[in-house]
Amino acid sequence: MGKRYNFEEIESRWQKYWEDKKLYKTVEREDKEKYYVLEMFPYPSGALHMGHVRNYSIGDVVARFKRMQGYNVLHPMGWDAFGLPAENAAIKHGTPPSQWTWQNIANMKQQLKTLGLSYDWDREIATCHPDYYRWTQWIFLQLYHNGLAYKAKAPVNWCPSCCTVLANEQVVGEGRCERCGTIVKKRDLEQWFFRITNYAEELLRDLDKLPGWPEKVKIMQRNWIGRSEGVEINFRTEEGDPIPVFTTRHDTVFGATYLVLAPEHPLVEKLIRGTEFEKPVREFVEKVRQMDYIQRTSTELEKEGMFTGAYAVNPLNNEKIPIWVANYVLMEYGTGAVMAVPAHDQRDLEFAKKYGLPIKIVVQPKEGEKLDEGSLKEAFAEEGISVNSGLISGLPTAEAKEKIADYIEEKGLGKRKVNYRLKDWLISRQRYWGAPIPIIYCDRCGIVPVPEKDLPVYLPEDVEFKPTGESPLKYRSDFLNTTCPECGGSAVRETDTMDTFVCSSWYFLRYTSPHEKDRPFDKEKVDYWMNVDQYIGGVEHAILHLMYARFLTKVLRDLGYVSVDEPFQNLLTQGMVLKDGAKMSKSKGNVVTPEEIISEYGADTARLFILFAAPPERDLEWSDEAVEGCYRFLNRVWRLVTRYTDDLKEIRDYNEILLNTSEEKNFNRLMHATIKKVTEDIEKRFNFNTAISAVMEFVNGTYDYIENTQSENLNLPLLKKAFTNLILLMAPFTPHIAEELWVRIGNEPSVHEQSWPKYDEEALKTQMVTMIVQVNGKVRGRMEVSVDTSEEEIKEKAMELENVKNHIKGKKVLKAIVVPNKLVNFVVK
């Protein structure tokens, strides 16, 4: 019997071997098909959590499996290293963000190495390194020079505590900053944007090119893009100011009884200036501007508004209708103006009833009771027949929409239009720890881009933070003051830095050639490796990160720098790791750290549990008992293999094995069935849990074969082949114990350079025999069964034969005599 598995010594020894041999270093090879597997790179917070372990273990199984299948595998790792937590830590502890970040990177890198992950560390990148953010700045300039980066004033979410702009998704709860919990305010600031809306249609259409993405993620992206077809109708004020309104129900235009503007609409101030409505409307506008996006779009929001004192003219019937401002209309969607048709829109109806505004029915149901303005309790938003609608009265909705759209365009009253919920990407952040925006402001020349030869614009690292958290860049004269590259005069730098999503929207390209000094990446190598064959990460990134990465890939393609349309061919979004039914968090006191598990049970046990406990896309409930069970299993494998190492070391010829007994044949069949099961579960379904379960069953079957066979009769070549395949099958999941056992049964390392085992279809076939079925000694039927069918199964199958049923019907079966592989005889009375 072998000694107990000493995981501390074995895991550290093999990790050193892999590193010394640079086993996972990757170069481009034309003789192998490439496979690029990538997990979303982490923010260097300082410590791995079990969610990280799950993400990276999944990716490592795929990388090791594909490498053993003969692919040239790229499996890199790096750090999404800019971001607000480093600044918060600097303010709290007085540690510069750069120092804090690089210390965390060193710590987390060591943690990753203890997991035995097969990364090519020669390709490591960190987005906070000047060698990286130089090219993030270069990408900004490419967008700027091509009209895809611009500056504009816009209302933004401002956290007064963090002193930075927040995306809508970073405003949580009751309008609070997700980082610090402070109530978020609205401010108008000059901001830098990327014109992602230019690619809205392609971003939507190309989702159809991604069958390897989860449908739920594609639905989330489609909803975020929010394409809608309709008509933009040109309403106007009594004074003639245009108010374009976008609607998808242009057939209801004759039912518009008032117009609603978003509080942020630029026309509001003009309409109220100098009127009795000026003060109350301004106060209302300011109140609404402080509400968060989620509140204002909620169906449960109480609709509130104020009359501006002004009126608009409906161009279709020249009716004068009042102009209101309301909290449920947003500047971010459409034109920021809505024609309110209360009879046919629930929000408009609730608002109209609250403020006593008219209701006019212009669509009646095709069948059933007719609608009446006086008794209308719910808006009728379905299709029907147009009424009270001039030239389209009497037409069904589809025809009415086409006819009125034609008329509007013919008369110059508006135009057909496709609208998108997607808005341009706000990339400005009023904080320090990010990639500086490469823009200079000159009093004489205006906005001047930094010349490419002057990149990178270095981020000073020896900075001091004020308690307010304001960006120190504003107070660093050596950063702020510069010379205009066009006129040579005095100028100042942009002090905003870029949204960290910009850094993470192209990192997968940099991995293909991370050491380039004169360009962001080598196009030839990008063309070899891209696109990413398998991308793995949390579903929380299903919208923004993936959308932005897709956008920048398409921009770089159009500029000739890459050839692919999409960055990620296949996507796996793994579930969370839960404990006691909740996500692990320090505040809940339910955190289990990777160090705890690795120190007590080893990295292989940690990996095995995290892969075995649930399918990767599902949430995983932590179980100390299951961890212990995985550890016991590895020790069981260890004892099984090491017991026979001396007997098996010298056996070299075990490909052509003579199978003499039914036990050997059954064991051989189980081995090939396991290979087939594990291969298909990894390759086709990523069902690592069922693959591991099959391996466990194979181990049980191996023990059964040994225990049911006298030691002198053991087929040692068969056992050597079984152990060989067992170790190969375990290698992607538990790489250290597989490597150790591979050597112990007489092989040269490394097991991870071996070919993935293949199953034999012939071996999977079960030998069939024809059995005679008798009733009281007379033949009543025949049936085909496999040679290993149990007696109980044979009896059950025989009694299902129609002729047998007829002869035992109403009689008592006294006994059933089974002669294996020959006959079964039912004795009845």
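The structure is a predicted model, in which local features need pLDDT of at least 70 and side-chain atom pairs count only at pLDDT 80 or more, while totals for chains, interfaces and linings use all residues. Residues are numbered from 1 along each chain as its sequence is written, and side-chain values use heavy atoms, with hydrogens and water left out.

**Overall build**

The C-alpha trace spans about 105 × 80 × 50 Å along its principal axes. The secondary structure comprises 28 helices and 34 strands; helices (H or I, at least four residues) and strands (E, at least two) are DSSP runs, numbered from the N terminus. Of the 829 residues, 55% are buried, where buried means under 20% relative accessible area, exposed over 50% and partly exposed in between (1.4 Å probe, protein chains only). Among contacts with a separation of 6 or more, 72% join residues 24 or more positions apart; a contact means heavy atoms within 4.5 Å.

**Nonpolar cores**

A nonpolar core is a set of buried Ala, Val, Leu, Ile, Met, Phe, Trp, Tyr and Cys residues joined through side-chain atoms within 4.5 Å. The largest one has 185 residues, and Phe140, Tyr507, Phe508 and Trp622 have the most contacts inside it. Helix 23 (residues 688-707) gives this core its largest share, 11 residues. Apart from this core lies another, of 50 residues, which includes Phe254, Val281, Leu357 and Leu395. Leaving aside neighbours within four places in sequence, the residues in contact with Trp622 include Met50, Val577, Phe609 and Val627.

**The second largest cavity**

Rolling a probe the size of a water molecule over the atoms shows where empty space is left. A cavity here is a set of points, on a 1 Å grid over the protein atoms alone, where a 1.4 Å probe fits but cannot get out; lining residues have an atom within 4 Å of a point. Leu608, Phe633, Leu634, Ile692, Val695, Met730, Phe733 and Thr734 line the second largest cavity. Seven of these lining residues are nonpolar, one is polar and none is charged. Helix 20 (624-642) and helix 23 each supply at least two residues of this lining.

An open sheet is formed by four strands in the order 6-5-9-19, with antiparallel pairing. Its edge strands, strand 6 (164-166) and strand 19 (425-426), each pair on one side only. Strand 5 (residues 149-159) pairs with strand 6 over three bridges; two strands pair if DSSP finds at least two bridges between them. Cys159 stands opposite Thr164 in strand 6.

| Residue | Loop between | Relative accessibility |
|---|---|---|
| Glu264 | strand 12 (258-261) and helix 8 (266-272) | 18% |
| Gly336 | strand 14 (320-326) and strand 15 (337-340) | 1% |

Not counting residues up to four places away in sequence, Gly336 touches Val260, Leu261, Ala262, His265, Val329, Leu330 and Met331. The C-alpha atoms of Gly336 and His265 are separated by 6.2 Å, although these residues are 71 apart along the chain. Glu264, with neighbours within four places likewise set aside, is in contact with Arg289, Arg296 and Met331.

Definitions and conventions: On a 1 Å grid over the protein atoms alone, a cavity is a set of points where a 1.4 Å probe fits but cannot get out, and a pocket is an open set with protein on both sides within 12 Å along at least five of seven lines; lining residues have an atom within 4 Å of a point. Ala, Val, Leu, Ile, Met, Phe, Trp, Tyr, Cys and Pro count as nonpolar, Asp, Glu, Lys and Arg as charged, and the others, Gly among them, as polar.
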